[in-house]
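I opened my notebook for a look at charged side chains and helix packing. Here is what I looked up, entry by entry.

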Amino acid sequence: MDSDPERREIQRKRRRFRLLLVGTVLAFALVSLLVGLTAGGAFPGSWLERGDPPGWMEVTGGVLAVLGLVLEIVGLVGLVRSGSYRADRESRLWAVSFRRRRELARAVRRGAVDSPDDLPWLRTAAAQMVRNRRQIPIIGGLVTLNLGQLLLSLAPMWFLLFGFTTVMFAFACWQILRDAPRAEAFLREHPGDPAVTAPTGSR
């Protein structure tokens with residue numbers, strides 16, 4: 001870490017992000033509860049009714065649900081053991097705004113260095129874009145788990161949730177797999193202090 005003020009700024013932004021994330025989840029849960037209590041018959045109860053999946057489908061659903069959970073655990077363990085989790089947690093990018101992060105990511109994709117002063121920040125952003133590949137098994141585990149739950153119940157609500165999560169996670173995977181090779185090319189073209197770019201978690 002470059003300085004104590006920067007470290008304090010990183011910790012402050014990280015705490016703000018955690019509070020925002022927890023607040024969003026709690027707000028969503030509260031709104032869902034209120035809708036459930038006050039909507040009455042506004043939503044068709046058939047959305048939650050369990051279907052009648054054949055035996056082979058229930059077995060497949062159970063296997064996929066367990067497989068998804070295993071992928072989640074393996075992905076999380078790999079994220080921690082590779083050093084990617086710690087590197088992202090202590091990243092200097094926490095000290096800058098979200099808009100600035102987007103600008104750095106766009107510059108890495110283009111391979112552009114507008115100012116020599118930006119180069120350390122661009123290397124840091126590129127290294128994080130490479131490390132993001134470690135999230136793909138976790139994303140795959142979530143989709144697999146949702147598919148397993150869908151096959152176990154065949155409730156219309158699970159079809160809706162599976163479709164939504166699949167589209168969302170497919171977009172996330174596409175973005176990660178698109179950005180990672182460009183970030184690796186940027187780091188090869190602009191090598192620097194290994195402490196800035198490592199660990200990338202790409203192995």
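Entry 1: I began with Arg99, which makes a salt bridge to Glu103, with 3.7 Å between the closest N and O atoms. My cut-off for a salt bridge is a side-chain nitrogen of Lys or Arg within 4 Å of a carboxyl oxygen of Asp or Glu. Both residues belong to helix H4 (residues 98-110) and sit four residues apart, about one turn of the helix. Helices here are DSSP runs (H or I, at least four residues), numbered from the N terminus.

I then checked accessibility, calling a residue buried under 20% relative accessible area, exposed over 50% and partly exposed in between (1.4 Å probe, protein chains only). Arg99 is exposed at 64%, and Glu103 is partly exposed at 31%.

**Entry 2: ground rules.** I reminded myself that this is a predicted model, where local features need pLDDT of at least 70 and side-chain atom pairs count only at pLDDT 80 or more, while totals for chains, interfaces and linings use all residues. Residues are numbered from 1 along each chain as its sequence is written, and side-chain values use heavy atoms, with hydrogens and water left out.

**Entry 3: the wider set.** How many salt bridges does the rule give? I noted six. I also found a network of salt bridges linking Arg99, Arg100, Glu103 and Asp118.

**Entry 4: a link between helices.** Next I looked at Arg109, whose salt bridge to Asp179 has its closest N and O atoms 2.9 Å apart. This pair joins distant parts of the chain, with Arg109 in helix H4 and Asp179 in helix H7 (residues 156-189), 70 residues apart. Is Asp179 buried or exposed? Asp179 is buried, at 6% relative accessibility, whereas Arg109 is partly exposed at 25%. Asp179 also meets Arg178 in a salt bridge (3.0 Å, N to O), and Arg178 is partly exposed at 24%.

**Entry 5: helix packing.** I turned to helix H2 (residues 55-81) and helix H6 (residues 136-153), whose axes come within 7 Å and cross at roughly 160°. The axes are lines fitted to C-alpha atoms over the stretch in contact, with angles from 0 to 180 degrees between N-to-C directions. H2 and H6 are therefore roughly antiparallel, a label for angles over 145 degrees. Their contact residues comprise 15 nonpolar, nine polar and two charged. In that count, Ala, Val, Leu, Ile, Met, Phe, Trp, Tyr, Cys and Pro are nonpolar, Asp, Glu, Lys and Arg are charged, and the others, Gly among them, are polar.

Notes. Helix = DSSP H or I, 4+ residues; strand = E, 2+ residues; numbered from the N terminus. Parallel < 35°, antiparallel > 145°, perpendicular 65-115°, else oblique.
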